[in-house]
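Welcome! Have a look at it first, then work through them in order.

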Amino acid sequence: TFEIADRLKGLPQPATIAMSARARALRAQGVDVISLALGEPDFASPPEAVEAAAQAGREGDTRYPPVGGQPALKQAVIEKFSHENGLKFTLDQILIANGGKQLIFNAFMASLNAGDEVIVPAPYWVSYPIIAKMMGGVPVEAICREEDGFRLSAEALRRAITSRTRWLVLNFPNNPSGAIMERADLEAIADILRQAPHVWILADEIYEHLTFDGRSHVSLAAVAPDLADRILTVNGMAKAYAMTGWRVGFAGGPLPLIRAMTSVQSNATSGVCTLAQAGAVAALQTSPVRRDGMRDIYQKRRDQVVTALRAIPGLTCAMPDGAFYAYPGLVGLIGKRTQNGREIRTDLDFAEALLDAEYVATVPGSAFGLSPHIRLSCAASEVQLREACQRIERFVRSLS
Ligand code: PLP
């Protein structure tokens with residue numbers, strides 16, 4: 001019989017995947033399910049990227065790539081970091097991997113020893129604690145309170161740091177809360193980090209272009225250049241360019257870390273598909289107009305969803321400044337009962353009962369380390385979002 005490796009025992013399956021699997025199974029039975037469970041842009045990839053990838057194939061760019069990435073893509077990434085983030089890197093400080101996710105995997109694999117702590121501000125993207133645990137690390141939560149706009153406070157960070165801390169994960173704009181960190185917030189964080197020179201920072205900026213109401217994203221490494229020799233800035237093509245399936249992510253960071261991460265990658269994947277890399281170069285070089293167009297649409301959807309949710313008695317909803325999620329709070333609904341007598345004790349109960357009663361798939365806040373909430377992805381059409389909010393309202397009103 002097959003025996004799973006110790007390092008994988010007890011790891012949770014990401015609830016995002018579990019909920020969308022349940023939604024898919026219902027849909028296969030012919031049920032009209034609206035799934036707001038997955039963070040997948042519903043736009044097409046840039047045609048320039050598709051054409052460049054096809055062209056690369058026709059030209060025979062089909063051999064093994066350099067492990068750390070094609071020089072042309074690394075160069076495009078250097079220019080992106082310089083122009084958009086004010087960060088300076090050399091070619092050997094850049095690593096191209098199969099998505100932002102693999103960069104996080106490589107970084108933790110390259111650096112964590114058993115018992116090393118990784119601070120994950122909650123609510124967090126589900127994969128950080130799972131990958132950290134896979135590598136023998138210990139995730140440590142720092143709570144980002146709703147009253148603070150889900151931002152990481154200097155005080156919460158200070159309390160989470162111990163002598164075993166190896167990494168702080170900083171993900172803003174945040175999945176799932178949509179919070180961003182302004183320059184002053186980052187300066188306060190940087191002050192704490194200056195007093196903790198053993199802590200490295202993984203800045204996951206994959207939602208940087210999705211900021212609303214004229215706000216813009218600021219990189220920690222730009223606010224605190226004196227910390228740059230322990231900051232890994234992670235980003236990728238998935239969200240900003242609607243290129244999830246291409247599996248191209250990139251990172252810039254200190255040379256010794258990038259070297260170690262490249263060595264991990266060399267033994268795992270030998271690098272990223274050449275055609276996808278050619279497509280990514282073309283996408284990075286196209287004008288930001290399309291990207292900004294997507295952002296405006298996400299902002300409209302956010303407004304629509306937040307307005308609809310706030311009109312539902314018992315639900316609260318903070319206004320997300322970025323990313324494409326809403327993270328309404330359920331405090332006012334805990335303890336109520338569904339029509340068939342089921343008590344809503346947790347956000348998981350709520351999400352399951354909502355799916356069963358009204359066929360709307362969401363993800364419970366418990367998956368992201370901050371309850372009671374649910375996460376709704378706004379990467380769906382306005383028609384679907386309107387219908388989903390109506391169903392949620394009908395469900396909430398049916399509770400007693
Ligand atoms: N980081 C965050 C915060 C995400 O939400 C996601 C995807 O959902 C990723 C990284 C992974 O992106 P990629 O598709 O580039 O691996």
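**Exercise 1.** This is a predicted model. Find the buried residues of helix 5 and work out how they are arranged around the helix.

*Solution.* Start with residues 127-134, which form helix 5; the buried ones are Tyr128, Pro129, Ile131 and Ala132. Next, look down the axis of helix 5: these buried residues fall within an arc of 165 degrees, so they line one face of the helix. Then ask what covers them: the cover includes helix 4, strand 3 (117-122), strand 4 (138-143) and strand 5 (165-170). Finally, step just past the end of helix 5, where Gly136 has a positive phi of about 90 degrees.

**Exercise 2.** Check the length of helix 1, then describe its buried and exposed residues.

*Solution.* Helix 1 (residues 15-28) has 14 residues, which at 1.5 Å a residue should span 20 Å; the end C-alpha atoms are 20 Å apart, so the two values agree. Its buried residues are Thr16, Met19, Ser20 and Ala23. Viewed down the axis of helix 1, they fall within an arc of 95 degrees and therefore line one face. They pack against strand 1 (34-35), helix 12 (347-358), strand 10 (360-361) and strand 11 (363-364). On the face turned away from the buried side, you will find the exposed residues Ala25 and Ala28.

**Exercise 3.** Describe the shell of residues around the ligand.

*Solution.* Of the 13 residues there, Gly99, Gly100, Lys101, Gly236 and Ala238 come nearest. By class, the shell has three nonpolar, eight polar and two charged residues. Helix 4 (residues 99-111) gives the most to this shell, with three residues.

How values were computed. Residues are numbered from 1 along each chain as its sequence is written. This is a predicted model: local features need pLDDT of at least 70, side-chain atom pairs count only at pLDDT 80 or more; totals for chains, interfaces and linings use all residues. A residue is near a molecule or strand if its C-beta atom, placed from the backbone, lies within 6 Å of it. Helices (H or I, at least four residues) and strands (E, at least two) are DSSP runs, numbered from the N terminus. Ala, Val, Leu, Ile, Met, Phe, Trp, Tyr, Cys and Pro count as nonpolar, Asp, Glu, Lys and Arg as charged, and the others, Gly among them, as polar. A residue is buried if 20 or more other C-beta atoms lie within 10 Å of its own, exposed if 12 or fewer, and partly exposed in between; C-beta atoms are placed from the backbone. The arc is that of the directions from the helix axis to the C-beta atoms. Two residues are in contact if their C-beta atoms, placed from the backbone, lie within 7 Å. The expected span of a helix is 1.5 Å times one less than its number of residues.
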